[in-house]
There are 2 protein chains.
Amino acid sequence: MDLETITVNQKVISAKKLKKMFGHLDLRDADLICPIRDVMATVSDKWSTLIIMYLGYYPVLRFNELKKKVYGISNKVLSERLKQLEGDGYLKRTMYPEVPIRVEYELTDFGHSYLQRLIELTEWAQKYKECVLSNRANSQRK
Amino acid sequence: MDLETITVNQKVISAKKLKKMFGHLDLRDADLICPIRDVMATVSDKWSTLIIMYLGYYPVLRFNELKKKVYGISNKVLSERLKQLEGDGYLKRTMYPEVPIRVEYELTDFGHSYLQRLIELTEWAQKYKECVLSNRANSQRK
DNA sequence: CAGTATCCCGACAGATACTG
DNA sequence: CAGTATCTGTCGGGATACTG
């Protein structure tokens, strides 16, 4: 299994960062952590992730284009996610009052900022997916 | 709003990375993306995230210690998440057949590897949470 | 074209009680 | 102590039909 080497030092660094972020993690309520959870909730959803990635790939997409790209998503969910993502500032919605109406979606700079984090995470996941899937298979055989 | 500057060049780089990761994203089925989704599904869950962070902070925790730290989690869900995380290789479970029985959980090196990504993401989220929350508040007033 | 409005269903979380 | 077992409710997603 081809793991990046994790040194004792790196573990200490992680612990320190956690401490710095949350103070003492001994807290009874997760309210200190929850704002971050709130932020991530919108954006870590499986459909939102795909929407953001497609908009990172194609700079501008219309509603029905997105619906085709994000294969399997329903009208309702696509509409909901787009509203949330727009509301949180990840993307911009532009409406052209033509007939028939045309609406275009694109990432804001903030959306692009998140996209970069998302890509980092996806690169990590892709690097280790075989590792995880074989672990999983082994553990299920027992 | 205090955003990191996103250059046109960075947007192009993101698009290229996406292209490299997934080939042409025009695919009808998301199967190419789904293995990564599978990987992330276990680990991006709200409870799993907290479990991993607590185990990054406290090197070793027992079942009931975790249950206190991860405030609000039920026996059932904690037990399920621990099994999944162990099965995927993020943490190690050690049982001491004493009376009463003692079981200890700790992150594997792989778990620490993921923890680092998680911390990066959390740092990002913390940096921009005011931004997101004010965006959200503004958009809801309309 | 770009969405709403409904209805329906199943997965999954929470609570509680129990056990090796 | 470290978990199962069970039941129950809800919440969110899918499908479909409709509208400005």
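Predicted model: local features only at pLDDT ≥ 70, side-chain atom pairs only at ≥ 80, totals over all residues.
Chain B superposes on chain A by a rotation of 180° with 0.0 Å of shift along its axis, and the RMSD is 0.0 Å. The two copies are thus related as by a two-fold rotation axis. In chain B, the residue that comes closest to this axis is B:Ser44, whose C-alpha lies 3.9 Å from it. Both copies use the same surface, since 100% of the contact residues of chain B recur in chain A.

The contact is made by 64 residues from chain B and 64 residues from chain A. The size of an interface is often given as the accessible area lost when the parts come together. Here chain B and chain A bury about 6400 Å² between them, and 65% of this area is on carbon and sulfur atoms. Within the area that chain B buries against chain A, B:Tyr57, B:Phe110 and B:Trp124 supply 11%, more than any other three residues.

**The surface near DNA strand D**

Around DNA strand D there are 19 residues, of which A:Arg81, B:Arg62, B:Lys83, B:Arg93 and B:Tyr105 come nearest. By type, the residues of this surface are seven nonpolar, four polar and eight charged.

The elements that give two or more residues to the surface near DNA strand D are α5 (75-87) of chain A and, from chain B, α4 (63-69), α5 (75-87) and β3 (102-107). Helix α5(A) gives the most, with five residues.

**The hairpin of chain B**

Strand β3(B) also takes part in a hairpin with β2(B), with five residues between the two strands. Strand β2 of chain B covers residues 91-96 and pairs with β3(B) in the antiparallel sense over six bridges. B:Arg93 has B:Tyr105 in β3(B) as its bridge partner. Both B:Arg93 and B:Tyr105 are among the residues that come nearest to DNA strand D.

Terms used. Residues numbered from 1 in each chain as written. Chains lettered and ligands numbered in written order. Heavy atoms only, no water. Near = heavy atom within 4 Å. Helix = DSSP H or I, 4+ residues; strand = E, 2+ residues; numbered from the N terminus. Nonpolar A, V, L, I, M, F, W, Y, C, P; charged D, E, K, R; others polar. Pairing = 2+ DSSP bridges. Least-squares fit on C-alpha atoms with pLDDT ≥ 70 in both. Contact = heavy atoms within 4.5 Å. Buried area = accessible area lost by both parts, 1.4 Å probe.
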